[in-house]
Amino acid sequence: MTAILIGLVRFYQRFISPLFPPSCRYQPTCSSYMIEALQKHGLKGFLMGMARILRCHPFVPGGKDPVPEHFSLKRQQADE
């Protein structure tokens, strides 16, 4: 199941994302975050990715937000 979800995200990255200007406020991008979360946490990673997408809007400062080692739906700010 995770392979299918990762395939869908890669399809988005290759064919849909290039049609729009870059707008992700976080590093890594939301789609890269989703793939990494799925690889680390399986289907729970999908929930983490969706929470990240919901956090990505013009009213947040953005910045570094790596995938945490343990499942969490909260933002994990990286030490600069």
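Analyst: Asp65 is buried, because its relative accessible area is 0%, where buried means under 20% relative accessible area, exposed means over 50%, and partly exposed lies in between (1.4 Å probe, protein chains only). The model is predicted, so that local features need pLDDT of at least 70 and side-chain atom pairs count only at pLDDT 80 or more, while totals for chains, interfaces and linings use all residues. Residues are numbered from 1 along each chain as its sequence is written, and side-chain values use heavy atoms, with hydrogens and water left out.

Asp65 lies in the segment after β2. Helices (H or I, at least four residues) and strands (E, at least two) are DSSP runs, numbered from the N terminus. The side chain of Asp65 makes a polar contact with the side chain of Arg55, at 2.9 Å. A polar contact is a pair of N or O atoms within 3.5 Å; within protein, one must be able to donate a hydrogen and the other to accept it, and residues adjacent in sequence count only if both atoms are side-chain atoms. When residues up to four places away in sequence are not counted, Asp65 touches Tyr26, Gln27, Pro28, Tyr33, Arg52, Arg55, Arg75 and Gln76, contact being defined as heavy atoms within 4.5 Å.

The residue Lys64 belongs to strand β2, residues 63-64. Lys64 counts as partly exposed because its relative accessibility is 43%. From Lys64 to Ile35 the C-alpha to C-alpha distance is 16 Å, across 29 residues in sequence.

Among the residues that Asp65 touches are Gln27 and Pro28. These two are joined by a cis peptide bond, with omega about 0°. Pro28 is found in the loop between β1 and α2. In general, most peptide bonds are trans, and most residues other than glycine have a negative phi.

Arg52 and Arg55, both touched by Asp65, are among the buried residues of α3, along with Gly45, Met48, Gly49 and Ala51. Seen down the axis of α3, its buried residues fall within an arc of 160°, so they line one face of the helix; the arc is that of the directions from the helix axis to the C-beta atoms. These buried residues pack against β1 (26-27) and α2. Helix α3 (residues 43-55) has 13 residues, which at 1.5 Å a residue should span 18 Å, and its end C-alpha atoms are 19 Å apart, which agrees. The expected span of a helix is 1.5 Å times one less than its number of residues.

Tyr33, a further contact of Asp65, is one of the buried residues of α2, which also include Cys30, Ser31, Met34, Ile35, Ala37, Leu38 and His41. The buried residues of α2 pack against α1 (2-16) and α3. For its 12 residues, α2 should span 16 Å at 1.5 Å a residue, and its end C-alpha atoms are 16 Å apart, which agrees. Gly42 follows α2 and has a positive phi, near 65°.

His41 is in helix α2, residues 30-41. His41 counts as buried because its relative accessibility is 16%. The side chain of His41 reaches the backbone oxygen of Pro68 at 2.8 Å. Not counting residues up to four places away in sequence, His41 touches Met48, Val67, Pro68, Glu69, His70 and Phe71.

Cys24 is located in the loop between α1 and β1. Cys24 counts as partly exposed because its relative accessibility is 31%. The C-alpha atoms of Cys24 and His57 are separated by 8.2 Å, although the two residues are 33 residues apart along the chain.

As for the whole chain, the secondary structure comprises three helices and two strands, in the order α-β-α-α-β along the sequence. Of the 80 residues, 29% count as buried. Among contacts with a separation of 6 or more, 55% are between residues 24 or more positions apart. A compact globule of 80 residues would have a radius of gyration near 12 Å, and the protein chain has 12 Å, which agrees; this radius is taken over C-alpha atoms, and the globule rule is 2.2 Å times the number of residues to the power 0.38.
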